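Student: I would like to learn how to read helix packing and pockets in a model such as this one. Could we go through it together, feature by feature?

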Amino acid sequence: MGLLGILLGLGLLVWLAFRGWSVLGLAPIAALVAAAFAGDPLLANWTQTFMGAAAGFIAQFFPLFLLGALFGKLMDDSGSVTAIAHFMTERLGPHRAILAVVLAGALVTYGGVSVFVAMFVLAPMGQALFRAADVPNRLLPAAVMLGTATFTMSALPGTPAIQNAIPMPFFGTTPFAAPGLGFMAAAIMLGFGLWWLTRAESAARRAGEGFATAIGSASRAAHDPVVRERATASHEFDPAEVEHGARSAQLPGFGVALLPLVVVITVNLTMSLLVLPRLDTSYLAELRWGETSLASVGGVWSVIVALAAAIVVLYLCNRGRLLALRETVDAGLNASALPVLSVASLVGFGAVVASLPAFAAVRDWVLGIEGGPLVGLALATNVLSALTGSASGGLTIALGALGETYMQLAATHGIDPALMHRVAVIGAATLDSLPHNGAVVTLLAVCGATHRQSYLDIVMVAIVGALLALAAVIAVGSTVGSF
């Protein structure tokens with residue numbers, strides 16, 4: 001009965017979330033269904049287990065959600081994201097429309113801009129570029145997805161994406177875990193994705209297919225409540241806040257627009273490799289600081305300082321263009337609230353499930369998978385991200401339930417925790433792109449396309465490419481270790 005309750009609770013969560021119901025209410029209800037079938041006390045599971053895990057996630061990662069959303073909104077309203085996108089499209093031109101959209105998205109998201117902020121800026125510009133080049137609009141969602149939500153989110157070392165931050169406290173790693181393997185995975189994802197999209201564009205031209213017509217707009221998507229509910233559980237920015245504030249009509253130069261992104265990467269690297277390792281942080285072992293260690297918090301600290309420094313630089317360089325600073329700041333800060341609560345609710349659901357006696361059978365099955373700890377970890381993060389429709393939610397649930405076990409297995413098998421980190425992140429960012437994923441639903445709405453028109457191309461660039469990269473990282477990492 002206990003295992004049936006887990007499956008029933010998970011099915012309820014997935015089905016109603018796909019239909020646009022809020023995860024904030026669904027997650028505790030699904031958790032209580034699972035607990036009821038196990039015969040566990042319901043109120044204790046809700047107030048102690050569920051809320052304890054949700055509160056722990058918020059305490060650990062809310063600063064990243066907060067600063068990340070604020071940075072993305074400031075980049076948007078200062079005109080910096082638009083300036084970078086304009087620069088890429090002007091330099092590459094309509095004859096390289098797909099490459100321009102992919103590289104513009106990659107540049108801004110690797111520098112710390114929220115995926116959703118990038119989507120809402122890139123989609124209208126991409127449509128204009130695709131229309132000029134007569135490239136089918138149905139290929140635009142896959143191009144934006146490839147640039148914003150694949151290799152810059154999970155593979156490139158140092159990315160400030162929340163998905164790259166989540167494994168750090170579990171494995172004691174930094175944002176730059178396994179950099180060589182990360183660059184290799186990014187090259188595979190980018191290369192395969194561009195090959196597929198170029199092939200699809202050529203096939204469309206041979207068939208006489210042109211741009212066609214978009215059936216929606218970015219503004220309409222921003223006000224769609226179903227899009228909002230799905231989106232906030234999958235990424236760190238509430239799309240309802242995209243149109244709040246005031247976007248500058250005067251764009252900064254490319255160098256000024258790029259500078260805050262460079263600051264994010266540079267400060268993140270400096271804090272991770274040079275500053276924090278030299279500090280005396282023995283005080284963290286005291287009870288007042290939670291009896292923790294630098295290995296558990298250092299990665300998060302590095303990203304916090306990097307985003308904070310970039311926000312200061314961005315303001316100093318663009319203060320004349322931020323015409324409604326208070327409204328912009330309020331919108332950015334507010335945009336972080338619903339996403340962090342939504343993901344925390346998924347984490348609470350995972351904690352209740354992991355505490356049930358029936359979960360031992362699930363854990364034993366995962367740990368008994370052929371291929372070793374890396375394959376088991378990849379499968380666990382893949383499955384949970386697919387079911388929840390959220391890479392961050394699935395990753396946190398998997399590591400919360402199995403992270404300590406996998407650390408023990410890593411020590412037993414001589415596996416570098418940095419390799420476990422990179423496998424976990426790439427694994428979580430593969431099957432999270434199923435049809436009910438918030439980023440997929442939002443992107444299709446923003447680009448004015450449908451699942452029927454564009455989802456196959458999204459599967460190829462976001463799932464197949466990521467799976468190829470994941471397989472390569474596991475194979476190479478198992479052979480030569482982490483590098």
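This is a predicted model: local features need pLDDT of at least 70, side-chain atom pairs count only at pLDDT 80 or more; totals for chains, interfaces and linings use all residues.

Student: What is the volume of the largest pocket, and which residues lie nearest its centre?

Tutor: The volume of the largest pocket is about 390 Å³, and among its 22 lining residues Leu 10, Phe 359, Val 362, Leu 384 and Leu 387 lie nearest the centre. Two or more lining residues come from each of helix 1 (2–18), helix 17 (337–355), helix 18 (359–367), helix 19 (373–388) and helix 20 (391–413), and the largest share, 6 residues, is given by helix 19.

Student: Now to the helices: how are two packed helices described?

Tutor: Two packed helices are described by the angle between their axes and by the distance between those axes. In this model, helix 3 (residues 42–77) and helix 15 (residues 294–318) pack at an angle of about 25°, with their axes 10 Å apart. Because angles under 35 degrees count as roughly parallel, helix 3 and helix 15 are roughly parallel to each other, and their crossing is left-handed.

Student: Which residues make the contact between helix 3 and helix 15?

Tutor: On helix 3 they include Phe 61, Leu 64, Leu 67, Gly 68 and Phe 71, while on helix 15 they include Val 300, Ile 304, Leu 307 and Ile 311. The residues of this contact of helix 3 with helix 15 divide into 16 nonpolar, 2 polar and no charged.

Student: Are helix 21 and helix 23 roughly parallel or roughly antiparallel to each other?

Tutor: Helix 21 (residues 417–428) packs with helix 23 (residues 451–480) at an angle of about 165°, and their axes are 10 Å apart; the two are therefore roughly antiparallel to each other. The crossing of helix 21 and helix 23 is left-handed. Leu 419, Val 423, Ile 426 and Gly 427 of helix 21 make the contact with Ala 466, Leu 470, Val 473, Ile 474 and Gly 477 of helix 23, and these residues divide into 7 nonpolar, 2 polar and no charged.

Student: At what angle do helix 5 and helix 14 pack, and which residues meet there?

Tutor: Helix 5 (residues 97–110) and helix 14 (residues 254–275) pack at about 50°, with their axes 8 Å apart, and they are therefore oblique to each other. Leu 107, Val 108 and Tyr 110 in helix 5 meet Phe 254, Leu 258, Leu 261 and Ile 265 in helix 14, a contact whose residues divide into 7 nonpolar, no polar and no charged.

Notes:
Residues are numbered from 1 along each chain as its sequence is written. Side-chain values use heavy atoms; hydrogens and water are left out. On a 1 Å grid over the protein atoms alone, a cavity is a set of points where a 1.4 Å probe fits but cannot get out, and a pocket is an open set with protein on both sides within 12 Å along at least five of seven lines; lining residues have an atom within 4 Å of a point. Grid points are joined across faces, edges and corners, and a volume is the space filled by probe spheres set on the points. Helices (H or I, at least four residues) and strands (E, at least two) are DSSP runs, numbered from the N terminus. Axes are lines fitted to C-alpha atoms, for helices over the stretch in contact, and angles run from 0 to 180 degrees between N-to-C directions. Angles under 35 degrees count as roughly parallel, over 145 as roughly antiparallel, 65 to 115 as roughly perpendicular and the rest as oblique. A crossing is left-handed if the near helix is turned anticlockwise from the far one by less than a right angle, and right-handed if clockwise. Contact means heavy atoms within 4.5 Å. Ala, Val, Leu, Ile, Met, Phe, Trp, Tyr, Cys and Pro count as nonpolar, Asp, Glu, Lys and Arg as charged, and the others, Gly among them, as polar.
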